[in-house]
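Me: I'd like to learn how to read strands and disulfides in a model like this one. Could you walk me through it?

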Amino acid sequence: MSLFRRRKPPVNESDKAFDASDSKPRKEKEEEDHGNDKNKKKITSKIKKKHEEKPPECSCLDTCCWLIGCICVTWWLLLFLYNAMPASFPKYVTEAITGPSPDLPGVKLQKEGLKAKHPVVFVPGIVTGGLELWEGRKCAEGLFRKRLWGGTFGEVYKRPQCWVEHMSLDNETGLDPCGIRVRPVSGLVAADYFAPGYFVWGVLVANLARIGYEEKTMYMAAYDWRLSFQNTEARDQTLSRIKNNIELMVATNGGKKAVIIPHSMGVLYFLHFMKWVEAPAPMGGGGGSDWCSKHIKVVVNIGGPFLGFPKAISLLFSAEAMDIAVARAIAPGFLDNDIFQLQTLQHVMRLSRSWDSTMSMIPRGGDTIWGGLDWSPEKGYSCGKKRERKNDTRITDQAGAKSAISQTRCANYGRIISFGKDVAEAPSSDVERIDFRGAVKGHSAANTTCRDVWTEYHGMGFGGIKAVAEYKTYTAESIVDLLHFVAPKMMARGTAHFSYGIADNLDDPKYKHYKYWSNPLETTLPNAPEMEIFSLYGVGLPTERAYVYKLSPAAECCIPFQIDTSADDENTCLKDGVYSVDGDETVPVLSAGFMCAKGWHGKTRFNPSGIRTYIREYSHSPTSNLLKGRGSLSGAHVDI
């Protein structure tokens, strides 16, 4: 059938005969035309199908958006289903697979007949407390009293540059920049959960509630963990608030003294508080030398970095730790590039270097505590002890024992930073070092377009970078000088609030200054012989102790140093450029346990009143399956 139909003209009688005689060939012609029309339709339909079958072109951005959208939709769907199901259903499924779960600690205590007695004060550590916006710039409209830190962290990916601007502190003062006020969230909700589903203090609060505790007998000593300890008092009067709340809780609970539970950096913060509350005003709280004896029953320190930890060095030096270094090796340049106008590592460094609290965790005690070029307290530590126990070979004579020891290469943990694996392993006599102190830094190595990302490396130049690398290796004492060299503004603020040495004479009047109060090696415990101090921490997890570094490839906006992830050696516990020792993944055993085991044990110059000290180590026991969550037997820094 033709595509267009024409109206037939009127037929004359004379033509009928001709039409009749020619009817047969005309019909055949029409059939041919009809067949041709069908063929045309088939060809047209095939062309259309080819056009329809051709896949649509899509860009990488479209793929990423679809992937992110699918992940978000799946996440919200699972979250909706989880909230819609009966509360007992997850527990029922877990018990059906793993067997009946043991009673919670609160339930056990309840069955034993224990009830609330002493008021409890929680002191959270760094980054675990929520922060909210009280005043901001134009980009932060609509965020009044919304959490910038903690919760869902929604503003990080909605407006990252604005978030970084508001979370950073002033580079000169260490306080709020002009026109910005970010303050700590108050109440138990300040640090019960770091993010939805990730508990910090929430589980402990819930268990204590089972034996009768409530908000009037529990207090979260929330503070702005970005500030130096003394600045939390100068800006927010936080130390005074803690003092007043403890006094109130003791008075309203029949004079029963308080139990203090600090965690992580909160341990150092409360150590500072105990000296502040005794010191006379205006520098201190004016409580007198017997305040702690009257108001504190026991201090239960959890995962306390009493002597700092090396992980703080890598954060301040190159804005990375082992996890970030590995990610950097897997995707070279990704974290250094300008991603959505956000140089990721540079902004991490900008934040961490503006937070004075990070400098409170620089290793303390120098080479006396952390070791030198050729020795360290952990010398002889083996990261493969379990494998060694399975070895059936036994050494029966002393000569054999000496030869076996000589064959085992030990890591030089005292060399916290080494430029090159060969430098980290070489005898100190073979390492040629050129002193970096006083070196001419030279011209800026970075492009001027990157100066909005403040890291202080822009002022070092190639001369300064070369001088740092040529010194080869750094111990705990030279690390402080190194940070003064690469970040003079940051360390000028830091050394005004913190100290990293060991006191020769604690009677020296200079140790009455607040910069020494959080260093247990430069201050004394309060005069409270009836008080007790516990140190609880996890063991059995590889914990960062020293690093192998290299120079970064030349690039704009570049942090010139990075961990060398190609450096590996199982015999010396070196993996991905990081030497590991025993600890809780963040704080080495040396820092968490030394003071209670030795420095404060008995009557010492650091513990003149003889406060009793106790240590409890929790061996890490990972969960057998994901349904049990983070596990009650975990020894990790936060889980414990």
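Reply: Gladly! Let's begin with pairing: two strands pair if DSSP finds at least two bridges between them. Keep in mind that this is a predicted model.

Me: Which strands pair with S1, and in what sense?

Reply: Strand S1 covers residues 120-123. With strand S8 (residues 258-262), S1 pairs in the parallel sense over four bridges. Strand S7 (residues 218-220) also runs parallel to S1, joined to S1 by three bridges. Phe122 is a handy landmark here: Phe122 stands opposite Ile261 in S8 and opposite Met220 in S7.

Me: How should I read the two faces of a strand?

Reply: In a regular strand, side chains alternate between the two faces of the sheet. For S1, Val120 and Phe122 lie on one side, Val121 and Val123 on the other, and all are buried, so both faces are covered.

Me: Now the cysteines. How many disulfides does the structure hold?

Reply: A disulfide here is a pair of cysteine sulfur atoms within 2.5 Å. The structure holds one, formed by Cys139 and Cys162 with their sulfur atoms 2.1 Å apart. The torsion about their S-S bond is about 80°, so the disulfide is right-handed.

Me: Is Cys162 buried or exposed?

Reply: Cys162 is buried, with a relative accessible area of 8%, whereas Cys139 counts as partly exposed at 32% relative accessibility.

Technical notes: Residues are numbered from 1 along each chain as its sequence is written. This is a predicted model: local features need pLDDT of at least 70, side-chain atom pairs count only at pLDDT 80 or more; totals for chains, interfaces and linings use all residues. Side-chain values use heavy atoms; hydrogens and water are left out. Buried means under 20% relative accessible area, exposed over 50%, partly exposed in between (1.4 Å probe, protein chains only). Helices (H or I, at least four residues) and strands (E, at least two) are DSSP runs, numbered from the N terminus.
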